Each structure stands twice: as C-alpha cells, then as structure tokens.
Amino acid sequence: MNWLSVFLAALTGFMVGGIWYGPIMGKRWMEASGITEDDVKNSNMMKIYGTTFVLSLISATALSHMFAMMGGSSFRGIMMMSVGIALGFIIPAIGTNYLFSQKKMGLFLIDAGYWLLFYTAMGLVMAWFYAS
C-alpha cells in the first residue's frame, strides 16, 4: 500500500469538502440542515476539521488497501470502482438514514453530491498511483 497516495487522497477529499460546503453549497447546506452562522461560529471547528481529516484518512486507507490488493488496474477500472463505491454504498446508506430521519431531499442531494465528488477525487489520486 502506498502511504503517500493515502495522504494525498485524504487531503484531496478534504479539500473537495471545503470547496463543496464552502463557496459552492455552503449557504444551501446550512439552510437545508438548519444550521445558522452563529452555530458555526460557536462550534469547535478545530475538532470538526481534525476529526473530518482523520475520517478522510480512514476512507483513503481503505480505498488504497483495496487497490493494492488488486495488484494494479487501469485508470478506468480504478475510477469505476471509486465512483461505484459512492453510488453503490455511500449514497444509498445516507439516503436510508435521511429517509428515516425525515431530512429534506435538498440536504440529501447536497450531501450525496459531496460523497460522489469525494470518492471521485480520491479515485483520481489513487489512479495516478495504482493505474498500470
């Protein structure tokens, strides 16, 4: 397993989140989730960002482990698997949670879009390291 790919993939996914939940969807996400500017200002952002990066490292480690165990694949294969994980596992799981939590469809679409971009971005990094 390539630890540089793990770190760079986690960092890339983390940065995608900053852009997605910042200038692209930040205000819409806050509205859909019922979070105010004051809520954000009064939260422990160091804890939130630190924990988020650790969780990104865990996801990147699992993805890297999977590609390392495969012994190489094509760029297309790695991208299909990365996107497939988001579409086949992550998005349906959060969709189920959102249905039972009775959260808004708009919030689901924002979060689902993020996870699709997150795994696509990590897949691009992994493909750069593992594509044969």
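User: Before we get to numbers, what counts as a pocket here?
Analyst: A pocket is an open set of grid points with protein on both sides within 12 Å along at least five of seven lines. Keep in mind that this is a predicted model.

User: OK, how much space lies in the largest pocket?
Analyst: About 750 Å³.

User: Which residues are closest to its centre?
Analyst: Tyr-21, Trp-29, Ile-48, Tyr-49 and Thr-52, out of 27 residues that line the largest pocket.

User: And which helices supply the lining of that pocket?
Analyst: At least two residues each come from H1 (3-24), H2 (26-33), H3 (37-41), H4 (45-70), H5 (75-101) and H6 (105-130). The largest share is from H4, with eight residues.

User: What's the lining like by class?
Analyst: It has 15 nonpolar residues, 10 polar ones and two charged ones.

User: Switching to the packing. Which residues touch the most other members in the largest nonpolar core?
Analyst: Ala-60, Leu-63, Tyr-119, Met-122 and Met-126, in a core of 23 residues. H1, H4, H5 and H6 each put at least two residues into this core, and H6 gives the most, with 10 residues.

User: Where else is there a core?
Analyst: There's a second, separate core of seven residues, with Ala-32, Ile-91, Tyr-98 and Ala-112 among them. As general background, nonpolar side chains tend to be buried together in soluble globular proteins.

User: Back to Met-122. What does it touch?
Analyst: Skipping residues up to four places away in sequence, Met-122 touches Ala-9, Ala-10, Ser-56, Ser-59, Ala-60 and Leu-63.

User: Ser-59 is in that list. Where is it found, and is it buried or exposed?
Analyst: Ser-59 is in helix H4. It counts as buried because its relative accessible area is 18%, and the cut-off for buried is under 20%.

User: What about Ser-82, buried or exposed?
Analyst: Buried, with a relative accessible area of 0%. Ser-82 is part of helix H5. Leaving aside neighbours within four places in sequence, Ser-82 is in contact with Leu-63, Phe-67, Tyr-119 and Gly-123.

User: Tyr-119 keeps turning up. Let's do rings: how many aromatic pairs are there?
Analyst: A search of the whole structure gives 13. Take Trp-115 and Tyr-119: their ring centres are 6.3 Å apart and their planes sit at 40°, so the pair is tilted.

User: Why tilted and not stacked or edge-to-face?
Analyst: Because planes under 30 degrees apart count as stacked and those over 60 as edge-to-face, and the 40° between Trp-115 and Tyr-119 falls in the rest.

User: Where do Trp-115 and Tyr-119 lie?
Analyst: Both are in helix H6, four residues apart, which is about one turn of the helix.

User: Which residues form the aromatic cluster with them?
Analyst: The cluster is made up of Tyr-21, Trp-29, Tyr-114, Trp-115, Phe-118 and Tyr-119. Tyr-21 and Trp-29 are also among the residues closest to the centre of the largest pocket.

User: What does Ile-110 touch?
Analyst: Not counting residues up to four places away in sequence, Ile-110 touches Trp-20, Tyr-21, Met-25, Arg-28 and Trp-29. Ile-110 is found in helix H6 and is buried, with a relative accessible area of 7%.

User: How far apart are Ile-110 and Ile-90?
Analyst: 13 Å in space, C-alpha to C-alpha, and 20 residues in sequence.

User: Last topic, backbone. Which residue other than glycine has a positive phi?
Analyst: Gln-102 does, with phi near 55°. Gln-102 lies in the loop between H5 and H6.

User: Is Gln-102 buried or exposed?
Analyst: Exposed: Gln-102 has a relative accessible area of 71%, and the cut-off for exposed is over 50%.

Conventions
Residues are numbered from 1 along each chain as its sequence is written. This is a predicted model: local features need pLDDT of at least 70, side-chain atom pairs count only at pLDDT 80 or more; totals for chains, interfaces and linings use all residues. Side-chain values use heavy atoms; hydrogens and water are left out. On a 1 Å grid over the protein atoms alone, a cavity is a set of points where a 1.4 Å probe fits but cannot get out, and a pocket is an open set with protein on both sides within 12 Å along at least five of seven lines; lining residues have an atom within 4 Å of a point. Grid points are joined across faces, edges and corners, and a volume is the space filled by probe spheres set on the points. Ala, Val, Leu, Ile, Met, Phe, Trp, Tyr, Cys and Pro count as nonpolar, Asp, Glu, Lys and Arg as charged, and the others, Gly among them, as polar. A nonpolar core is a set of buried Ala, Val, Leu, Ile, Met, Phe, Trp, Tyr and Cys residues joined through side-chain atoms within 4.5 Å. Buried means under 20% relative accessible area, exposed over 50%, partly exposed in between (1.4 Å probe, protein chains only). Contact means heavy atoms within 4.5 Å. Rings of Phe, Tyr and Trp (its six-membered ring) pair if their centres lie within 6.5 Å; planes under 30 degrees apart count as stacked, over 60 as edge-to-face and the rest as tilted.
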